[in-house]
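Let's walk through a protein model together, one feature at a time. Have the sequence and the 3D view ready, and look up each residue as it comes along.

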Amino acid sequence: MTPRTAGIVLAGGRSSRMGTAKAALEWHGSTLLRRTTGILARTVDGPVVVVRAPGQQLPPLPDTVELVDDPVEGLGPVQGIAAGLAAVADRAEAAFVCSTDLPFLHPAYVRRVVALLDGDAVLPHARGHRQPLAAAYRTALAPVLAEMARNGELKLGQLFERCRTRHVDDAELLADPRLQAVDPELDSVVNVNEPGDYRAARDRPAPEVAVQRYGALARRGGPAPGTVQAATLGAAAAAVGLELGPHVVAALNGDQITRDRQTPLVAGDTVAFLSADAGG
């Protein structure tokens with residue numbers, strides 16, 4: 001993507017309505033935070049950073065995900081975004097910023113929002129609400145947000161009033177044919193604030209993905225490849241009788257090669273399983 005883009009996930013919220021830390025909520029054998037960071041890692045070409053509260057414990061994450069401590073607790077997303085943007089400003093011109101609890105976030109949504117960035121920020125107005133935690137920001141805004149936090153200006157709306165903000169609605173987002181095809185309802189911005197939200201989201205079926213086996217794996221037998229419902233690579237492997245590990249790897253959409261069972265999958269993905277053995 002152009003410009004070089006980082007991914008920032010805010011994990012330091014108090015989760016008062018949920019009653020428990022949302023980052024660690026189970027999601028099809030993974031966690032909400034692992035899924036959100038994994039989606040961004042699949043999508044952006046810069047670093048992926050999680051901003052947490054001081055001393056906050058997080059569920060396991062890949063070593064490639066960076067952790068940033070919010071220097072001041074209780075100042076909300078203004079301070080969190082400032083910390084995240086500052087952490088990546090030397091490596092990216094822009095960042096997609098989101099909350100932990102977007103279980104249906106799709107790479108196509110992230111790409112669309114970033115592609116619309118022609119000023120300082122892109123603020124989607126999706127599904128009837130402003131979405132500042134599913135938006136794109138220039139990393140140059142870090143000092144502006146830091147100053148706002150110091151001055152007690154803790155409403156993100158104040159930022160959008162003072163910088164060049166592009167406001168985009170559902171129609172403009174869905175003018176992208178790829179996003180229209182894979183996320184026509186813009187479920188990417190659906191979050192889970194309360195236990196009922198989480199239960200309803202968790203009860204939805206996992207995304208449909210295409211799976212194939214190649215080489216020795218194709219000759220092994222087992223369930224026939226095709227379309228399966230799977231939220232992670234591990235689940236997709238199990239659906240065709242395989243286990244990711246030393247002898248089996250997955251190619252995601254023809255390029256990313258991985259053995260990580262918790263790599264998140266989304267609607268429209270194609271997964272090819274291959275033997276990792278020499279000559280396989």
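A residue is called buried when its relative accessible area is under 20%, exposed when over 50%, and partly exposed in between, using a 1.4 Å probe and protein chains only. This is a predicted model, so local features need pLDDT of at least 70 and side-chain atom pairs count only at pLDDT 80 or more, while totals for chains, interfaces and linings use all residues. Residues are numbered from 1 along each chain as its sequence is written, and side-chain values use heavy atoms, leaving out hydrogens and water.

Let's begin with the cysteines. A disulfide is a pair of cysteine sulfur atoms within 2.5 Å, and a search of the whole structure finds zero of them. Why does Cys-98 have no such bond? Its sulfur is 19 Å from the closest cysteine sulfur, in Cys-163, which is too far for a bond. Cys-163 is likewise in no disulfide. Cys-98 is buried, with a relative accessible area of 0%, and Cys-163 is buried at 13%.

Next come the charged side chains. In a salt bridge, a side-chain nitrogen of Lys or Arg is within 4 Å of a carboxyl oxygen of Asp or Glu. By this rule the count comes to 14. One of them joins Arg-34 and Asp-260, at 2.5 Å from N to O. Arg-34 lies in helix H1 (residues 32-43) and Asp-260 in the loop between strands S14 (256-258) and S15 (270-275), so the pair ties together parts that are 226 residues apart in sequence. Here helices (H or I, at least four residues) and strands (E, at least two) are DSSP runs numbered from the N terminus. Arg-34 is buried at 6%, whereas Asp-260 is partly exposed at 29%.

Helix H1 also holds Arg-42, and the loop between S14 and S15 holds Asp-269, so this pair ties together parts 227 residues apart in sequence. Arg-42 and Asp-269 form a salt bridge, with their closest N and O atoms 2.8 Å apart, and both residues are buried. Elsewhere, Glu-66, Asp-90 and Arg-91 are linked in a network of salt bridges.

Finally, let's turn to Glu-243 and Arg-261. Their salt bridge has its closest N and O atoms 3.3 Å apart. Glu-243 sits in the loop between helix H10 (233-239) and strand S13 (248-252), and Arg-261 in the loop between S14 and S15, 18 residues apart. Arg-261 counts as partly exposed, at 39% relative accessibility.
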